[in-house]
Amino acid sequence: MADSVGFDDLAIMLRAAAAKVVSEHETLSRLDSATGDGDHGTTMRRAMMVGLRAMDACTSRDLAALLNDVGWAILGVDGGATGPLLGTFFIGMSEAAGGRQMLDASALAEVFEGAVAAVRRQTKAQVGDKTMIDALVPAVEALRAAAKAGEGPRAALAKAAEAAARGAASTKDLRAKFGRARNLGDRSIGSPDPGATSVSLLFRGFADAIAAR
Amino acid sequence: MAMKKFINKPEDLVGELLEGYALAYADKIRLAGNRLVVRARRKAKGKVGVVTLGGSGHEPALSGFVGKGMLDISVPGEIFAAPGPPRCLEALKRAERGAGVLFIVLNHAGDVMAANLTMEMALKQGLNVKQILTHEDIAGGPRSQPENRRGLVGAVPVMKVAGAAAEAGYSLDACLAVAERLERQMATLAVAMTSATHPSTGQAIFTLPDDEMEIGMGQHGEAGTGRMKMKSADETAEAMLGQLLADLSVQAGEQLLVLLNGAGATTLMELFIVFRRMHQVCEARGIKIARARIAEFLTVQEMAGFQMFIARMDEELLKLWDAPCDTPYLVVR
């Protein structure tokens with residue numbers, strides 16, 4: 001792997017992230033019961049399973065193609081905004097990756113920034129609105145900062161995962177501005193956002209997978 | 001509130017309901033592709049296709065209106081959840097009969113997201129599709145900010161008009177134009193009395209004190225504009241109709257289509273009583289109710305309440321509203 005993420009590294013990152021989310025899906029549903037339908041964990045598990053199936057079926061060894069297949073498969077997962085937003089996330093990564101097959105820290109940051117840009121086209125949610133954005137934006141900013149500071153992908157992803165976790169934890173005290181939780185107003189305060197928690201689990205999966213390479 | 005529904009396993013809900021529906025109405029609709037509800041007999045070549053998407057659980061919409069003269073295809077999602085873009089794209093392709101496809105989308109966050117992603121992909125692939133967004137709920141905000149207004153039962157008359165136009169051979173642009181004209185001339189206001197339960201989770205979708213009602217609540221429990229003590233049917237009718245007439249600036253001499261859409265647990269008895277007062281108010285103001293229908297078009301499970309819909313009609317819109325259609329839940333001869 002050295003200082004760049006290649007196809008096999010990316011595949012391992014994606015599988016590790018999926019495994020992490022699947023293993024925690026009951027926690028995610030419990031979080032969602034506090035302020036929503038209680039199905040976020042089930043939906044995320046479904047999304048990870050279809051993503052993994054898409055990876056198994058992907059015959060190409062092109063980074064962008066893999067990400068696009070995963071994204072498009074996840075887009076089809078029924079269950080509120082989760083499928084569309086997560087699917088868009090991976091499709092955004094795919095578009096930003098372009099034809100590159102080896103991603104150094106800076107290119108990795110660009111790819112994740114592409115994910116954020118794509119997600120932002122589908123939602124008006126900002127940091128502080130108690131959504132996945134609260135974990136995603138800090139994670140990608142931390143990744144970019146690490147890359148700028150000359151760190152490699154391993155360290156950059158580790159920093160991203162920490163920032164995502166902090167962002168997800170910060171949602172506990174926020175009032176929901178989007179989704180079903182919004183209907184609860186002040187009663188949505190006191191429990192972390194399930195979407196942000198899922199994003200932090202994904203980044204933890206990415207970081208752990210690369211740390212072990 | 002405890003949920004009492006005749007279901008089997010919650011995770012099989014949508015599959016089972018679609019299977020049962022298709023078996024019951026096999027003469028008019030069937031399931032095709034990835035759980036799309038389509039007409040039993042395809043529309044004639046050369047006519048505009050009409051497609052919609054939406055979460056299950058609002059009945060009999062939207063799949064209840066698939067058939068000749070209305071929808072070609074409905075893409076049902078999980079309960080109260082929008083379907084994914086891949087299935088919507090599949091529907092748009094299937095509905096193409098050589099004259100393009102009109103995609104009717106109700107303004108709810110999930111539906112709009114799915115529709116936007118679908119349209120991005122459809123346009124990339126060169127499909128001839130146009131989208132119309134319905135957003136007539138006046139409780140969402142002023143008419144000048146349509147993005148805040150949700151799409152409620154008004155989508156059903158839009159489907160009727162668009163479907164009739166398509167059947168009559170209108171071009172895609174002409175179908176869109178007439179549908180948009182109706183969309184701009186319609187307004188809905190909802191009132192909620194008791195909550196429904198989400199069939200997958202068994203949880204109440206909102207809470208209201210026993211003696212209160214809420215005008216303006218959205219169809220997934222989104223907060224409305226006013227919680228208040230229960231009013232009589234006449235007071236409720238006057239309050240709601242007053243707001244709707246003002247929103248559309250309805251003048252004496254104009255003609256309205258009126259729908260009273262039961263939310264699921266409200267009886268026809270109550271809706272007829274409400275309509276009686278509506279008619280009196282309109283008559284006193286010189287406004288003609290040209291057409292009326294009182295039924296469940298788009299429920300919210302077993303919620304008590306209703307949506308009051310009015311639309312300013314012209315001769316063309318009336319003709320399209322009166323045109324024949326043959327769907328499981330709306331038949332016009």
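The model is predicted: local features need pLDDT of at least 70, side-chain atom pairs count only at pLDDT 80 or more, and totals for chains, interfaces and linings use all residues. Residues are numbered from 1 along each chain as its sequence is written, while chains are lettered from A and ligands numbered from 1 in the order in which they are written.

**Chain A as a whole**

Along the sequence, the pattern reads α-α-α-α-α-α-α-α-α. The C-alpha atoms of chain A fill a box of roughly 45 × 35 × 30 Å along the principal axes.

**Two helix pairs in chain A**

Select helix 3 (residues 40–57) and helix 4 of chain A. These helices pack at an angle of about 140 degrees, with their axes 8 Å apart. Axes are lines fitted to C-alpha atoms, for helices over the stretch in contact, and angles run from 0 to 180 degrees between N-to-C directions. The crossing of helix 3 and helix 4 of chain A is right-handed; a crossing is left-handed if the near helix is turned anticlockwise from the far one by less than a right angle, and right-handed if clockwise. Show the side chains at this crossing: A:Ala47, A:Val50, A:Gly51, A:Arg53, A:Ala54 and A:Met55 of helix 3 meet A:Leu66, A:Asp69, A:Val70, A:Ala73 and A:Ile74 of helix 4. Two residues are in contact if their C-beta atoms, placed from the backbone, lie within 7 Å. By class, the contact of helix 3 with helix 4 of chain A has eight nonpolar, one polar and two charged residues. Ala, Val, Leu, Ile, Met, Phe, Trp, Tyr, Cys and Pro count as nonpolar, Asp, Glu, Lys and Arg as charged, and the others, Gly among them, as polar.

Next, select helix 8 (residues 153–170) and helix 9 (residues 194–211) of chain A. Their axes come within 8 Å and cross at roughly 160 degrees. That makes helix 8 of chain A roughly antiparallel to helix 9 of chain A; angles under 35 degrees count as roughly parallel, over 145 as roughly antiparallel, 65 to 115 as roughly perpendicular and the rest as oblique. Helix 8 of chain A passes helix 9 of chain A in a left-handed crossing. The residues that make this contact include A:Leu157, A:Ala161 and A:Ala164 of helix 8 and A:Val199, A:Phe203 and A:Phe206 of helix 9. The contact of helix 8 with helix 9 of chain A has 15 nonpolar, three polar and two charged residues.

**Where chain A touches chain B**

Display both chains. Here 17 residues of chain A are in contact with 22 residues of chain B. Helix 4 (63–75) and helix 5 (82–97) of chain A each give two or more residues to the side of chain A that touches chain B, and helix 5 gives the most, with three residues. The residues of that side divide into five nonpolar, eight polar and four charged.

**Chain B and its sheets**

Select chain B, which has eight helices and 14 strands. Its radius of gyration is 19 Å, close to the 20 Å that the globule rule gives for 333 residues, so chain B is as compact as a globular protein of that length. The C-alpha trace of chain B spans about 50 × 50 × 35 Å along its principal axes.

Begin with the open sheet of six strands in the order 1-2-4-3-5-6, with mixed pairing. Two strands pair if DSSP finds at least two bridges between them. The edge strands are strand 1 (29–32) and strand 6 (129–134) of chain B. Inside the sheet, six bridges join strand 3 (residues 49–56) to strand 4 (residues 73–79) of chain B, and these strands run parallel. B:Gly54 stands opposite B:Pro76 in strand 4 of chain B.

Finally, select the open sheet of six strands in the order 9-8-7-12-10-11 of chain B. Strand 9 (226–229) and strand 11 (288–295) of chain B each have a single partner strand, so one side of each is left without a neighbour in the sheet. Strand 10 (residues 255–262) of chain B runs parallel to strand 11, joined by seven bridges; B:Leu259 has B:Arg293 as its bridge partner.

Methods. Helices (H or I, at least four residues) and strands (E, at least two) are DSSP runs, numbered from the N terminus. The radius of gyration is taken over C-alpha atoms; the globule rule is 2.2 Å times the number of residues to the power 0.38.
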